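Hello,

I am handing this structure over to you. Please open it first, then read my notes below.

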Amino acid sequence: LSDLAVHFFDKTKIMVVKDIEREEVEFLCKSLGCRPIASLDHFTPENLASAELVEEIQTGSSKCVKFSGIANPGKTVSLIIRGSNKLMLEEAHRSLHDALCVIRCLVKKRFLIAGGGAPEVEVSRELMQHANTLTGPDAYCFKAFAEAMEIIPYTLSENAGLNPIGTVTELRNRHAQGEKTAGINVRKGCISNILEENVVQPLLVSTSSISLA
């Protein structure tokens, strides 16, 4: 908009919000229940939205525009993340993104399985048993895939400050004894029935990692 256009909008007490990012236009349209318009000829009631109040509010050192009383609100949510520095904001954003990804996985496939490296070790054990029945290149491929699956519990134990070699070995032995829900208990620093600790993960996480490998 030109300065002259903004001047006339101000005289008629019409709020103008400029410099909206292109990727935010679709989200705003879904939130307000309107459509993007590129021409004055398309300013029709079915393309517009109605709200009781539109105001600019102060949030810390910055400002944002708040819409209240939207006639046909969309199924969207806006979250304002605040922190003492950029590092805290980025960490909060990553945590929020991870939580949303978990919800997305549960919406797409509503199944939960044991966490703590339990499914990866169980898959590795089954693959290794099958590899022992094969000969030639197929056996090497199955064994390599089985060993690769143990990288996840190995990394988990390493990040938890545990002995990764000893932890994965014990976890492998527990699964060999039939304890399919045995996993790495990060809180207690040991191997335990991970379902009793309410440590679960979406099934889609494991199936996606295997199918994309």
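How many salt bridges does a search of the whole structure find? The answer is eight. Please keep in mind that this is a predicted model.

Start with helix 2. Glutamate 26 and lysine 30 form a salt bridge there, at 3.7 Å from N to O. They sit four residues apart in helix 2, so about one helical turn separates them. Glutamate 26 and lysine 30 are both exposed.

Helix 7 (residues 164-176) holds another pair. Arginine 174 and glutamate 170 meet in a salt bridge at 3.6 Å, N to O. Again, the two are four residues apart, which means about one helical turn. Glutamate 170 is partly exposed, because its relative accessibility is 38%.

Next, a network. Salt bridges link Glu122, Arg125 and Glu126. Between arginine 125 and glutamate 126, the closest N and O atoms are 3.1 Å apart. Arginine 125 has a relative accessible area of 18%, so it is buried. Glutamate 126 has 39% and is therefore partly exposed.

Serine 124 belongs to helix 4 (residues 118-131). Serine 124 counts as buried because its relative accessibility is 2%. Leaving aside residues up to four places away in sequence, serine 124 touches Ala146, Glu147, Met149 and Glu150.

Last, the largest pocket. Its volume is about 2,200 Å³. The lining has 45 residues, with Val17, Ile20, Leu28, Leu32 and Phe67 nearest the centre. By type, 32 are nonpolar, six polar and seven charged. Helix 2 (22-32) gives the largest share of the lining, seven residues.

Best wishes

How values were computed: Residues numbered from 1 in each chain as written. Predicted model: local features only at pLDDT ≥ 70, side-chain atom pairs only at ≥ 80, totals over all residues. Heavy atoms only, no water. 1 Å grid on protein atoms, 1.4 Å probe; cavity = no way out; pocket = protein on both sides within 12 Å on 5 of 7 lines; lining within 4 Å. Points joined across faces, edges and corners; volume = space filled by probe spheres on them. Nonpolar A, V, L, I, M, F, W, Y, C, P; charged D, E, K, R; others polar. Buried < 20%, exposed > 50% of the residue type's maximum accessible area, 1.4 Å probe, protein only. Contact = heavy atoms within 4.5 Å. Salt bridge = Lys/Arg side-chain N within 4 Å of Asp/Glu carboxyl O.
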